[in-house]
Amino acid sequence: MAYKTCVSIAESTPAGVLFTLKKALTKSDYAEIRFDFLTPKDIPKALQITKKYHKRCVFTLRPKSEGGKFQGSEKERISILKLIAEYNPYLLDVEYSTISKNKDLTPYIKKTKTPVLVSWHDFAKTPSIKTLLQKYTQMKKFSSHIKIVTTARSTKDTATVLLLYKKQSSGLIAFAMGDYGRISRILCMNLGSPYTYVSLGKPVAPGQFSLDEIKSLQSLQK
Ligand SMILES: O=C1C[C@@](O)(C(=O)O)C[C@@H](O)[C@@H]1O
């Protein structure tokens, strides 16, 4: 099976984004532009200069409250999300808490025809499968592309998050962060995840493999 990858790009300048994006896409299927690492005024420039790669990009503007770097107001963040949706990336990552609170966001993004990846993270633990399934059901109301990322503190936690694949095998991205969760970053692909998040060097999240590590695992397959 093909292991598809998505390189998380956490650059602080538009030129840095373009440079790393080009490098990432020579070997990776997709790249995630973490717009929250840029100053908001630089976002339009970053969008313009990366245009020809957008069909292979996931766009993310993660707020501080969800482990990201965006520091502005929610009002400002929503208007930037609307702007980046207009550029038609492969997927637009929108947190479940954001999409469920801002009722006009779904119809707005729908008009742009950009598919939404509804995401939810737990940076401290892995809740029970019952809680995860409830979350999943709520998230499904907004899109068929769902991402649930927890933090594993044991092997059991890692198995728990992967149980979500019993519900949906395509379009779901579910894995756990942290050392215990690392294996789920690989297993998720065998279970139907469209790709796994990787780094180009320094991990952007706990437990992330580098692109080269995933490629060398891939090369072992017959
Ligand atoms: O949601 C995710 C997954 C991630 O947190 C990871 O654990 O690899 C990396 C983030 O950049 C991305 O938005």
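Colleague: Where does UniProt place the "binding site" feature?
Modeller: The UniProt record, an unreviewed entry, puts it at Ser8, Glu32, Ile33, Arg34, Arg62, Arg185 and Gln208. Keep in mind that we're looking at a predicted model.

Colleague: Which of those are in the lining of the largest pocket?
Modeller: Ser8, Glu32, Arg34, Arg62, Arg185 and Gln208 are part of that lining.

Colleague: Let's take Ile33. Where does it lie, and is it buried or exposed?
Modeller: Ile33 sits in strand β2, residues 30-34. Its relative accessible area is 1%, and the cut-off for buried is under 20%, so Ile33 counts as buried.

Colleague: What is Ile33 in contact with?
Modeller: Setting aside neighbours within four places in sequence, Ile33 contacts Ile9, Val17, Leu21, Thr50, Cys57, Val58, Phe59 and Thr60.

Colleague: And Arg185, where does that one lie?
Modeller: In helix α8. Arg185 is buried too, with a relative accessible area of 1%. Not counting residues up to four places away in sequence, Arg185 touches a list of residues including Phe175, Tyr197, Gln208 and Phe209.

Colleague: OK, new topic. Which residues does UniProt list for "active site"?
Modeller: His121 and Lys147, again from an unreviewed entry. They're spread over 27 residues of sequence but cluster in space, with a largest C-alpha distance of 8.3 Å. The lining of the largest pocket includes both His121 and Lys147.

Colleague: Which strands are they in?
Modeller: His121 is in β5, residues 116-121, and Lys147 is in β6, residues 145-151.

Colleague: Buried or exposed?
Modeller: Buried: His121 has a relative accessible area of 13%, and Lys147 has 3%.

Colleague: What does His121 contact, leaving aside neighbours within four places in sequence?
Modeller: Arg62, Glu66, Lys147 and Val149.

Colleague: Switching to helices: how do α3 and α5 cross?
Modeller: The axes of α3 (residues 74-85) and α5 (residues 105-112) come within 9 Å and cross at roughly 20°. Angles under 35 degrees count as roughly parallel, so α3 is roughly parallel to α5. The crossing is right-handed.

Colleague: Which residues meet there?
Modeller: From α3, Ile78, Leu81, Lys82 and Ala85 meet Leu105, Tyr108, Ile109 and Thr112 of α5.

Colleague: Last one: which residues of α7 are buried, and what covers them?
Modeller: In α7, residues 155-162, the buried ones are Asp157, Thr158, Thr160, Val161 and Leu162. Their cover includes α6, β6, β7 and α8.

Conventions
Residues are numbered from 1 along each chain as its sequence is written. This is a predicted model: local features need pLDDT of at least 70, side-chain atom pairs count only at pLDDT 80 or more; totals for chains, interfaces and linings use all residues. Side-chain values use heavy atoms; hydrogens and water are left out. UniProt positions are given in the numbering used here, feature names are shortened, and annotations may be inferred rather than shown by experiment. On a 1 Å grid over the protein atoms alone, a cavity is a set of points where a 1.4 Å probe fits but cannot get out, and a pocket is an open set with protein on both sides within 12 Å along at least five of seven lines; lining residues have an atom within 4 Å of a point. Helices (H or I, at least four residues) and strands (E, at least two) are DSSP runs, numbered from the N terminus. Buried means under 20% relative accessible area, exposed over 50%, partly exposed in between (1.4 Å probe, protein chains only). Contact means heavy atoms within 4.5 Å. Axes are lines fitted to C-alpha atoms, for helices over the stretch in contact, and angles run from 0 to 180 degrees between N-to-C directions. Angles under 35 degrees count as roughly parallel, over 145 as roughly antiparallel, 65 to 115 as roughly perpendicular and the rest as oblique. A crossing is left-handed if the near helix is turned anticlockwise from the far one by less than a right angle, and right-handed if clockwise.
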